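The following note sets out points on side-chain interactions for a colleague reviewing this structure.

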Amino acid sequence: MALLCRSTGLLLKHISLTPTFISIAGGQYQYILVDKKGEKKNVGFIQLNRPKALNALCDGLMMEVGKVLDAFEADSEVGAIIITGSEKAFAAGADIKEMQNRTFQECYGGNFLAHWNRVSTVKKPVIAAVNGFALGGGCEFAMMCDIIYAGEKAQFGQPEIMLGTIPGAGGTQRLTRAVGKSLAMELVLTGDRISAQEAKQSAFELTLAEGNRLEKRLFHATFATEDRKEGMTAFVEKRKAAFQDK
């Protein structure tokens, strides 16, 4: 993953963000807008479209993204894929309301979030055009892409600690390799955010080692704790969490 702190307008200047639906692999979608852009219609285009939820990554949205990525992968006319959100949010995180009442058994037995990795296995170049919030699962989703074009107002962060859990879709692995161990630990342990410029200044490339599996299991394990349930419940209820360290 390479982070380029450039205006997303340079990338999207020939791409209209007018809501568009096209028929790909089964028709229209509830949570995303899909099109093929460029003079030769050779750029696959996916826009996350849950504005009221700041593009929170619900299971339905991620399933739709995976379905479209499969279609673009199989389309010989498509040479690259762009994934974007809105000016306010690329994706503000995972859908906490969906996660709130999950148990450890459900997460571990069902390999929760495993299907999120589809974007990282696409053979064609995938570009994340990020404006606004890219937090939690949104930051992880962007880092799964091959290149990130970040606008001036883009903000990145892994605030899962505020919910009593940890990143569960590659955050502890990819963030370390994107911005270095020190800054990655600071972001994961404090929940702070950084701007696109700050991320670029800290960025360097390292080979992605085997670590996602361990992270996933540790993430699943947090669903066996009372603090994880309290953190997510407090978020949904819009109150301060009362953590008990258990």
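1. The buried partner of an ion pair. The model is a predicted one. Asp95 has a relative accessibility of 11% and therefore counts as buried, the limit being under 20%. Its partner is Arg50, and the two form a salt bridge in which the closest N and O atoms are 3.0 Å apart.

2. Salt bridges in total. The structure contains 8 salt bridges. Among them are those that join Lys36, Asp75 and Glu77 in a network.

3. Arg239 meets Glu230 in a salt bridge with an N to O distance of 2.7 Å. Arg239 also meets Glu237 in a salt bridge, here at 2.8 Å, N to O. Are these side chains buried or partly exposed? Glu230 is buried, its relative accessible area being 18%. Arg239 is partly exposed at 35%, and Glu237 is partly exposed at 47%.

4. Surroundings of Gln158. This residue is found in the loop between strand S9 (155-157) and helix H7 (171-179). Gln158 has 0% relative accessibility and so counts as buried. A polar atom of the Gln158 side chain lies 3.4 Å from the backbone oxygen of Gly136. The side chains of Gln158 and Glu160 are joined by a polar contact of 3.0 Å. When residues up to four places away in sequence are left out, the residues that Gln158 touches include Cys139, Glu140, Met143, Leu175, Leu187 and Val188. Pro167, Gly171, Gly191 and Asp192 are also among the residues in contact with Gln158.

5. Cysteines. How many disulfides does the structure hold? The count comes to 0, on the rule that the sulfur atoms of a cysteine pair must be within 2.5 Å. Cys107 is buried, with 0% relative accessibility. Cys139, which is one of the residues touched by Gln158, is buried as well, at a relative accessible area of 2%.

6. Aromatic pairs. A search of the whole structure gives 5 aromatic pairs. In one of them, the ring centres of Phe112 and Phe223 are 6.1 Å apart and the planes stand at 85 degrees, so the arrangement is edge-to-face. The two residues come from distant parts of the chain, 111 residues apart. Phe112 is in the loop between helix H4 (104-109) and helix H5 (118-121), while Phe223 is in the loop between helix H10 (212-221) and helix H11 (226-236). Both Phe112 and Phe223 are buried. Ring pairs also bring in Phe219, which forms a cluster with Phe112 and Phe223.

7. Charges over rings. Which residues place a charge over an aromatic ring? Lys37 has its charged end over the ring of Phe45, at 5.4 Å from the ring centre. Arg217 lies over the face of Tyr108, with a distance of 4.3 Å to the ring centre.

Notes
Residues are numbered from 1 along each chain as its sequence is written. This is a predicted model: local features need pLDDT of at least 70, side-chain atom pairs count only at pLDDT 80 or more; totals for chains, interfaces and linings use all residues. Side-chain values use heavy atoms; hydrogens and water are left out. A salt bridge is a side-chain nitrogen of Lys or Arg within 4 Å of a carboxyl oxygen of Asp or Glu. Buried means under 20% relative accessible area, exposed over 50%, partly exposed in between (1.4 Å probe, protein chains only). Helices (H or I, at least four residues) and strands (E, at least two) are DSSP runs, numbered from the N terminus. A polar contact is a pair of N or O atoms within 3.5 Å; within protein, one must be able to donate a hydrogen and the other to accept it, and residues adjacent in sequence count only if both atoms are side-chain atoms. Contact means heavy atoms within 4.5 Å. Rings of Phe, Tyr and Trp (its six-membered ring) pair if their centres lie within 6.5 Å; planes under 30 degrees apart count as stacked, over 60 as edge-to-face and the rest as tilted. A charge sits over a ring if NZ of Lys or CZ of Arg is within 6 Å of the ring centre and within 35 degrees of the ring normal.
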